[in-house]
Amino acid sequence: MDVLVTQVFNGLSGGSILLLAALGLALTFGQMGVINMAHGEFIMAGAYTAYVMQNVLGAAGLSLLVSLPIAFAVGGVLGVVLEATLLRRMYHRPLDTLLVTWGVSLVLQQLARDVFGTAGVDVPAPAWLSGPVEVLGFSFPRTRLFILLLAVAAFLALAAALRYTALGRRIRATVQNRPLAETSGISTRATDRLTFFIGSGLAGVAGVALTLMGSISPNLGTSYIVDAFLVVVVGGIGQIRGAVIAAFLLGVAQSWIEYSTTASIAKVLVFALIVAFLQVRPQGIFTVRTRSLA
Amino acid sequence: MQQDYLEISGLTVSFDGFVAVDGVNLSVLPGDLRFLIGPNGAGKTTLIDAVSGLVPATGSVRYGGHELTGRKVHRIARLGVGRTFQTATVFEELTVLQNLDIAAGHRRGPLTLVRRRKGIPEEVERALETVGLAELVDAPAGVLAHGQKQWLEIGMLLVQDARLLMLDEPVAGMSAEEKDETGRLLQRIGADRTVVVVEHDMDFMRSFANSVTVLHAGKVLAEGSVREVQADPRVQEVYLGPGHHSQAEVETVLGEV
Amino acid sequence: MNRRWVLPAAFAVAAVLLFVVAPLALSPFRLDQLGRYLCFAIVAVGIGLAWGRGGMLTLGQGVFFGMGAYLMAMHLKLADAGPGGTPDFMALISSDGVPWWWEPFRSEIVTLLAILLLPAAVAAVLGLATFRRKVRGAYFAILSQALAAAFAILLVGNPTGTGGSTGLSGFRGFFGFALSDPANRLVLFCTAAGVLLLMLALVRQLMVSRYGELLVACRDAEERVRFLGYDPANVKTVAFVVAAFMAGIAGALFVPIVGIVSPNDVGIVPSIGMLIGVAIGGRSTLFGPALGAIAVAWAGSALSEQFPSGWTYVQGLLFMLVIAFLPGGLASLAWRRVRPTAPAPSAQPVPAPSGGS
Amino acid sequence: ACGARVDAAGAGAPAAAPSCVDTSGNEIKVGFLNSRSGTMAISEKTVYDSLSLAAEQINAAGGVLGKQLEIVAEDGASEPTIFAEKAQKLIRSDCVAAVFGGWTSSSRKAMLPVFESNNSLLFYPVQYEGLESSKNIFYTGATTNQQIIPALDYLKEQGVTSLFLVGSDYVFPQTANKIIKAYGAANGIEIKGEEYAPLGHTDFATIVSKVRDAGAGAVFNTLNGDSNVAFFKEYRNLGLTPATMPVISVSIAEEEVGGIGVDNIVGQPVAWNYYQTIDSPTNKQFVDAFKAEYGANRVTSDPMEAAYTSLFLWKGMVEKAGSFDVAAVQAAAGGVSYDAPEGTVTVNGENHHIAKTALIGKIGADGLIHTEWTSGQPIEPDPYLKTYPWASGLAS
Amino acid sequence: MLTMTDVEVGYGRTSVIHGVTIEVPADGVVAVMGHNGAGKTTLLRAAVGLLPTRSGRITLDGEDVTGTQPHQRVRRGLAYVPQGQQSFGQLTTLENLQVVADTKPRGTGLIDEALDLFPALKDLLGRRAGLLSGGQRQQLAIARALITQPRMLILDEPTEGIQPSVVAEIEQAILGLTRRGGLSVLLVEQHVGFALDAANHYYVLASGRVTAEGRGGTDSVTDVRSAMAI
Ligand SMILES: Nc1ncnc2c1ncn2[C@@H]1O[C@H](COP(=O)(O)OP(=O)(O)OP(=O)(O)O)[C@@H](O)[C@H]1O
Ligand SMILES: Nc1ncnc2c1ncn2[C@@H]1O[C@H](COP(=O)(O)OP(=O)(O)OP(=O)(O)O)[C@@H](O)[C@H]1O
Ligand SMILES: NC(N)=O
Ligand SMILES: [Mg+2]
Ligand SMILES: [Mg+2]
């Protein structure tokens, strides 16, 4: 029972971290089809934003909250720059974006090394987030609860925006058929940029959250990028809700397997499960059928 | 040869509860140029999809002594079933010649496959002449205009040597002369094959159909000669709405009788 | 020049450069270095087929490369240990002796066969499983990347069997010949060069064959191919298997030339690294991937000798600029020179009405 | 044209090509081989810095045998393959007299055959898993009996009777844990659990939950790199402290403390052979010189000190031999000692490791490490643990 | 309303349209005819801005729009129904209409009007457009264009794939709109009878050049047929 509660919580918590890292990708990859390997470095930029804010503001409690919107903007601006300079000309060859953004990721990592130094830095958690909360004899780290809430909130906001707003429709329409969107009166360039801003901004937010969990170093992004993509793939491309289910499933699977084996075996087994899963549902949890032969 | 006919019985296709093809029975014999008409959304394309294996269906589709339902797309194709698409789909980066050569080739063994093509195979040569793309033989298919792609698709069917051909709106977007040419071509190749053509163009149908099946809301509404079908009040109702319709009205929509 | 002679001439020039000029002009150290580049070039030739022609962006070539390399390394360790002996690293960290799955590789024949067949067989199973289920495009790319990650984790986590993160190193002999003897190293280099030329010839034949056209058709409109009676899964699997086969052989040659294989050579990063040369050289050309791989590996060594952190920037910029602005790779520049009247590639392909419209 | 067969050339050690080291001029070349790009640059850059400092000091003091050191620096790029290749280059193309560098065991293992087949010298400055000794390598970091075993002795003295082992999934932690288990079995310390995380693993919720639930007396931590940060943050978030369950670490040095966050790790013990806070004139001089060169905010750490020391040890060997010749240096090495910042160290001529004093320190609120316990005198290196009866079953 | 003067358009290095000049007067209906591959679609794509012109000028309402983006032209009152039954496949039918109506102040009213014209779409509002039949999608495409209340409507074979009765309705609707005034139409249509019936003026295109032109009306059918027969 103890183990059950702890491991389910750990799994959900791990899932919420994956979800935060993957949510922006669900937009830029799932919706726009850009395989942005630099997404991890946008996360890193968010984390360093928190570090800089910490140094500027001092007070840990305040700076964490202030960092969230600022990191969103930082990630977003990085994304827009990437979109406007390179990706703009590549929407018709999505696989190539993977390699271009891999290059961007190399450069950003090295840049971070040259600017912030190769050693990791620390952003202390504010007092109201340190230590565990005791509920019914179980202790849950406050930081993990905070990330769980943040992830769920970010998901709800994004899903609602896409589903119910004109902006959401515009984003989806542009992604579907660029020339048609353009001739329907939508500025596809502005829309692409905005979409990329939001998706990359979410990476920035994820970065701030991750400062509560682990190290802030130039290779921060590399630890999350593959898992984040797997979340989107398992969820089903173009499906934000799929990403949520996938993130929590992977989180729980990882923590359960890890509990009875080791973290390494858990990772390998989770990969194997994903391959097996794609045999059953090659298009992910949620599939969008179309009649085209594309 | 005697077995080379298409026999569909009780064919049903449904998507999440929506029944697009609803218990269709249909047989088409070789030499018969069968037109399949019906309002938009009647289920014509879905019917072809089901026969060619693109969508799962229940019921039975038999062709040449084989049951087709449940088979994979490429297995059905190997049984001599070919089709075109409502929006022409060709290999954009390959040349016209390469498109045709590939269509001709599923029977080739591995050894032929790993060898280089020498010259233009005879059947490809013939198809090029027939569909009038001889001059564009080395052009990438991606640069062809809409109509030219449709011709190329027909050419691919020819070299594929399909015995059952299903064409989804093959003359959409063609000029009158081009339609006539296509029609004559269909008659020629239909002489010893089983051909099903989906069309909205009533003039075209009238000129070239041997027999007509009208589909409505997934069901067969009427079947017979062009004249019989045009005169069928149920067909008129489906196309024109309920009530009696003047001869002139019927003619504008269903063509001169 | 008559076009018929271009290709044989290119092969002849390559042969002279590799078999005559390089051994005479380069110091043994540089020759070893070039030998390593040639291994990457062999991998690149296969990637050119699978990715350039077949559209399969395989981010997991490190797995097949690693299989070939580890198979070879296991054999060399066992051979060094002598009949019935236990390789040095194993004796140090475990007292269990040689694991059962190492035993077959005491045999030279078994090892060679395994190098030729095992990566290809694994690729065949993986390829059929994924392509049959229509896993493709970005899905395939990311899946293959996850595979590379999992493979590296497995290697690291199993030190008694694989040497863990340290990998396998310290080989003395190669099928009985001392690896430290310069004459043997020259033979090794020539073997790599010969294999490269052979692989180029093989891929060249596949590219110009009907199979090559079919592969491009599957890349561009996989579903359409089915209606012509082909199973695209088989078509794609063949290219994937050929690429894996080449990667495996390259890995096997890499081990005696470089003297070590470790998880660092097989994970996500090296797997992507294997693509960069292909992209830069020109993914859908014959010589482009091989030349690109050699050039990139050379630039890596040369630049990092001068500016260690600079190489990371250069590598990143190469990826960004070449792929964004020169998708055909450097070969497309050369091609323009050679054939100014070449048919224009449709620069702006008709915007595919995606998403089922 | 086939070259020598393995057997024809003796036991796999065919005669090396003659050395090309040029000793005729006023300068002598030495190679520094560290990762200055890639993931290991974080650590190895610091080693490179202290090597450079040592070279500068040696040159300022008149060089080695009257010759100025000319440094040829190469980047190992965090890849063992590159290390092997660059080592080859340094030896054969640049003709250096000795090479200093390497960090990960994989980089060392990759270079080892290169140095052996060329009969050249490598000075390796990092603590490692032991079970190795090559006549072409000098190991100036600790082997297990100079770090792991003293740490266990310390824990035993503190009354710890049970341990939980947490490490990264690779050879150093795995070997270290084998030794710890054998020690535990012989000394009545119960091992309550053993967990490995892949390198770069960042979610320690499950592992830390297991650690908490196991209720051991202490945790023995062989995690490497970034994983430490995630581990200690999680540890503290679950309310665990040095008082409830201390975590002794063997891979966390001064530079890492900042990244983990002092708050998260303050009061936790670590085991090394050197800390910046060592109070001795030699160390003060080293630290001051280092800060003067690289900035007051930089810290010094064990591997940096071991690298710095290695250059002086080589100088000592060369001067004792009166020659740069490898065979002469090898012959002269035994007994060479140096008054290093960590204290006096002496080269063991048998196994080419050095005798070092073990120090257990605690992380202070200032982010530095303060000595708590010492082995009192230098411990003779014993890479194969031959002098420890309980370890006899470890390596056959 | 719309003029294209001496425009040259192409793909890659090849030109497809060579110096074509056409004019669509305010409230006028102009038909463009020609064989497959004549360049009709290419011409229209240049008119809406999907393809850049290599030379020549395009004006809309007297203003030069040659270098502008399609959406900017749409904001100036242009609407385009491309060839090939295009839609936003993953959006529902309703969302396909909304996404255009979003740009308009009283969008929902416009959607209702469009649905009255194509009642068949009413039952399909919740279905993804990618799942519709070809004809249903084409109706949706025309509805989408009309929702923007264009002053200049560009139609590329609008009745292709649509059932005959609906074709008749579409023809009536287009004629009705133009006769009501305030709408100019540039129409590519294989259905020569309808095209000339609707048009005030026609152009025949062959190999990227205008080879014949003249006044609309059913009288011209034979002229056009013979011009196209060449
Ligand atoms: N995958 C699907 N999911 C849901 N509904 C579908 C799907 N495929 C087709 N339909 C619906 O089935 C009906 C029949 O479509 P089909 O394409 O067969 O019509 P059609 O007769 O070919 O029409 P048209 O003449 O317009 O091409 C349509 O209402 C369509 O929306
Ligand atoms: N993307 C493209 N790249 C290169 N050439 C193209 C492209 N699209 C069309 N073409 C060429 O331009 C010419 C005109 O094509 P266009 O589509 O404008 O013809 P069309 O008159 O609309 O024909 P249809 O009646 O078949 O629709 C054709 O010869 C075609 O080969
Ligand atoms: N030698 C080490 N710590 O890897
Ligand atoms: Mg249809
Ligand atoms: Mg057209």
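What follows is a talk about terms, values and the cut-offs behind them.

Modeller: This is a predicted model, where local features need pLDDT of at least 70, side-chain atom pairs count only at pLDDT 80 or more, and totals for chains, interfaces and linings use all residues. Residues are numbered from 1 along each chain as its sequence is written, chains are lettered from A and ligands numbered from 1 in the order in which they are written, and side-chain values use heavy atoms, with hydrogens and water left out.

Colleague: How do you know what confidence chain E has?

Modeller: From pLDDT, the predictor's confidence in each residue, from 0 to 100. Chain E averages 90, and 100% of the residues score at least 70. The model scores ipTM 0.87 and pTM 0.89.

Colleague: What makes Thr41(E) and Gln83(E) ligands of the magnesium ion?

Modeller: Distance. Donors are N, O and S atoms within 2.8 Å of the metal (3.2 Å for Na, K and Ca). OG1 of Thr41(E) and OE1 of Gln83(E) coordinate the magnesium ion (ligand 5) at 1.8 to 2.2 Å. Water is not among the atoms, so sites may look incomplete.

Colleague: Why does this pair tie together separate parts of chain E?

Modeller: Thr41(E) lies in helix α1 (residues 40-48), and Gln83(E) lies in the loop between β6 (78-81) and α3 (93-101), so the pair ties together parts that are 42 residues apart in sequence. Helices (H or I, at least four residues) and strands (E, at least two) are DSSP runs, numbered from the N terminus.

Colleague: Which of the two is buried, and which is partly exposed?

Modeller: Buried means under 20% relative accessible area, exposed over 50%, and partly exposed in between (1.4 Å probe, protein chains only). Gln83(E) has 13%, so Gln83(E) is buried. Thr41(E) has 25%, so Thr41(E) is partly exposed.

Colleague: How do you know that β6(E) and β7(E) pair?

Modeller: Two strands pair if DSSP finds at least two bridges between them. β6(E) and β7 (residues 152-156) of chain E have four bridges, in the parallel sense. In β7(E), Leu153(E) is the bridge partner of Ala79(E).

Colleague: What makes β6 and β10 of chain E edge strands?

Modeller: The open sheet has six strands in the order β6-β7-β8-β3-β9-β10 (chain E), with mixed pairing. β6 and β10 (209-215) of chain E each pair on one side only. Neighbouring strands of this sheet are turned by 15° against each other on average, direction ignored.

Colleague: What lies across β6 and β7 of chain E?

Modeller: Helix α5 (residues 134-147) of chain E does, running at about 175° to β6(E). Axes are lines fitted to C-alpha atoms, for helices over the stretch in contact, and angles run from 0 to 180 degrees between N-to-C directions.

Colleague: What makes the phi of Glu157(E) worth a remark?

Modeller: Most residues other than glycine have a negative phi. Phi of Glu157(E) is near 45°, a positive value. Glu157(E) is found in the loop between β7 and α6 (164-180) of chain E. At 4% relative accessibility, Glu157(E) counts as buried. Lys134(C) also has a positive phi, of about 60°, although it is not a glycine. Lys134(C) sits in the loop between α5 (108-132) and α6 (137-156) of chain C. Lys134(C) has a relative accessible area of 31%, so Lys134(C) is partly exposed.

Colleague: How do you know which chains touch, and which pair has the most contacts?

Modeller: Contact means heavy atoms within 4.5 Å. Among the eight pairs of chains that touch, chains A and C have the most contacts. No contact joins chain D and chain E, and their closest C-alpha atoms lie 36 Å apart.

Colleague: How much area do chains C and A bury between them?

Modeller: Buried area is the accessible area (1.4 Å probe) that two parts lose on being put together, summed over both. For chain C and chain A that is about 4,100 Å², 74% of it on carbon and sulfur atoms. Tyr139(C), Ile142(C) and Tyr313(C) supply 18% of the area that chain C buries against chain A, more than any other three residues. Between chain A and chain D the buried area is about 2,700 Å², and carbon and sulfur atoms give 46%.

Colleague: Why is Thr81(D) called buried?

Modeller: Thr81(D) has a relative accessible area of 2%, so Thr81(D) is buried. Its place is helix α2 (residues 80-93) of chain D. Leaving aside neighbours within four places in sequence, Thr81(D) has contacts that include Arg36(C) and Phe254(C).
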